[in-house]
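Hi everyone, thanks for coming.

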Amino acid sequence: EPERVLQGSYPSPAELLPEDKTTYFAYMDIPDMIFKKMEGVKGVTVQDGMQGQTQVLKGDFGVNIACVMPDYKYFMNTGIADGRFFTESEYESGTPVCIIGEKDAISLFGTTNVVGMKIPVDIYGTNVEFKIVGIEKARSDSFISFDYGEKSVSIIVPETMLRKVYGIEIDNFQGMYILADKHADTYTLAKNAMALLDRVHKVED
């Protein structure tokens with residue numbers, strides 16, 4: 001039996017969170033607390049996103065930036081085609097590294113042989129080069145999608161780089177994903193996660 005994914009960290013939107021509301025879970029210590037304090041959790045990642053711009057030989061592109069944690073690798077249904085995911089050390093230090101999808105690599109460079117190459121990404125006037133460390137298979141088929149429009153590409157980066165590289169302070173995130181061990185009681189785990197969120201940091205409507 002495969003591991004089960006809890007999207008949004010609740011068993012029933014009708015019971016625990018109205019579907020017509022956007023929820024922001026405050027502060028970045030919550031995922032670590034859930035992973036360490038709750039049994040049956042295999043992985044946790046936040047979901048957040050930014051948009052930037054890049055200019056390469058093939059032209060100008062919008063860049064959809066998926067800001068995640070190392071455990072996001074568990075939520076990639078298609079996996080890594082070449083290279084690797086970013087490490088815990090790179091996450092902690094906010095190293096400007098990224099994973100890009102095969103199709104987006106071709107859009108930017110005309111090839112998927114891009115591990116080790118760099119993508120310049122401008123956010124709010126600050127331009128930083130991201131080293132490509134991994135190529136994701138069929139990016140559009142991944143469990144979590146961050147695509148926003150045409151003439152754009154998507155990259156996956158350590159969430160911590162927003163503060164450490166761009167100086168952007170993040171005190172909330174748009175959502176969180178919890179991966180339960182295959183033998184875990186997912187309903188109870190989800191309820192406990194929501195209780196922890198309520199107890200430590202109030203969940204905002």
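Let's start with helix α4, whose buried residues are Asp104, Ala105 and Leu108. Because these residues cover an arc of only 105 degrees around the axis, they sit on the same side of α4. That arc is taken from the directions that run from the helix axis to the C-beta atoms. Buried means under 20% relative accessible area, exposed over 50%, and partly exposed in between, with a 1.4 Å probe and protein chains only. Helices (H or I, at least four residues) and strands (E, at least two) are DSSP runs, numbered from the N terminus.

A quick word on the source: this is a predicted model, where local features need pLDDT of at least 70, side-chain atom pairs count only at pLDDT 80 or more, and totals for chains, interfaces and linings use all residues. Residues are numbered from 1 along each chain as its sequence is written, and side-chain values use heavy atoms, leaving out hydrogens and water.

What do the buried residues of α4 pack against? They pack against β3, β4, β6, β7 and β9.

Now zoom in on Ala105, which lies in α4, residues 102–109. Ala105 counts as buried because its relative accessibility is 0%. Leaving aside neighbours within four places in sequence, Ala105 is in contact (heavy atoms within 4.5 Å) with Ile100, Gly110, Thr111, Thr112 and Val114. Just after α4, Gly110 takes a positive phi of about 80 degrees.

Finally, look at Tyr124, in the loop between β7 and β8. Tyr124 is not a glycine, yet has a positive phi of about 50 degrees. Is Tyr124 buried or exposed? Tyr124 counts as exposed, because its relative accessibility is 70%.
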